[in-house]
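I opened this notebook to record what I looked up in one protein model. The entries follow the order in which I consulted the coordinates.

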Amino acid sequence: MATNDKLKLTANNLKNVLWDTLQQVKSGKMDAGQADSVASTAREILRTTTVQLKVAAQTNRTVSKDAVDFAESK
């Protein structure tokens with residue numbers, strides 16, 4: 001069973017999932033279509049975080065706690 005830290009959406013966990021996905025495709029344990037779905041979801045998460053950071057910077061607002069937690073958590 002995964003620990004609570006591994007269930008959190010963090011940049012580090014996202015990187016690890018993408019790396020594991022790549023390794024599974026290379027070893028034939030995962031279909032490329034399924035891996036593409038994982039990668040698409042990761043891209044959307046990163047786009048959303050990027051937009052949040054840009055909006056905060058342009059409007060002199062604070063960055064949302066979710067975005068900070070995503071970027072800083074290990």
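Does N60 count as buried or exposed? I found that N60 counts as exposed because its relative accessibility is 72%; the cut-offs are under 20% relative accessible area for buried, over 50% for exposed and partly exposed in between, with a 1.4 Å probe and protein chains only.

**Basis of the entries.** I note that this is a predicted model, in which local features need pLDDT of at least 70 and side-chain atom pairs count only at pLDDT 80 or more, while totals for chains, interfaces and linings use all residues. Residues are numbered from 1 along each chain as its sequence is written, and side-chain values use heavy atoms, with hydrogens and water left out.

**N60.** I located N60 in the loop between α3 and α4. Its phi is near 55 degrees, a positive value in a residue other than glycine. Most residues other than glycine have a negative phi.

**Overall fold.** I listed four helices and zero strands in the protein chain, in the order α-α-α-α from the N terminus; helices (H or I, at least four residues) and strands (E, at least two) are DSSP runs, numbered from the N terminus. The protein chain is more spread out than a compact globule, because its radius of gyration is 15 Å, well over the 11 Å that the globule rule gives for 74 residues. That radius is taken over C-alpha atoms, and the rule is 2.2 Å times the number of residues to the power 0.38. I also recorded that the C-alpha trace spans about 50 × 25 × 15 Å along its principal axes. Of the 74 residues, 15% count as buried.

**Largest pocket.** I read a volume of about 170 Å³ for the largest pocket. A pocket is an open set of points on a 1 Å grid over the protein atoms alone, where a 1.4 Å probe fits, with protein on both sides within 12 Å along at least five of seven lines; lining residues have an atom within 4 Å of a point. The volume is the space filled by probe spheres set on the points, which are joined across faces, edges and corners. The lining includes T10, I45, D66 and F70. The elements that give two or more residues to this lining are α3 (32–58) and α4 (65–72).

**D66.** I placed D66 in helix α4. D66 counts as exposed, because its relative accessibility is 60%. D66 and T10 lie 56 residues apart in sequence and 9.5 Å apart in space, C-alpha to C-alpha.
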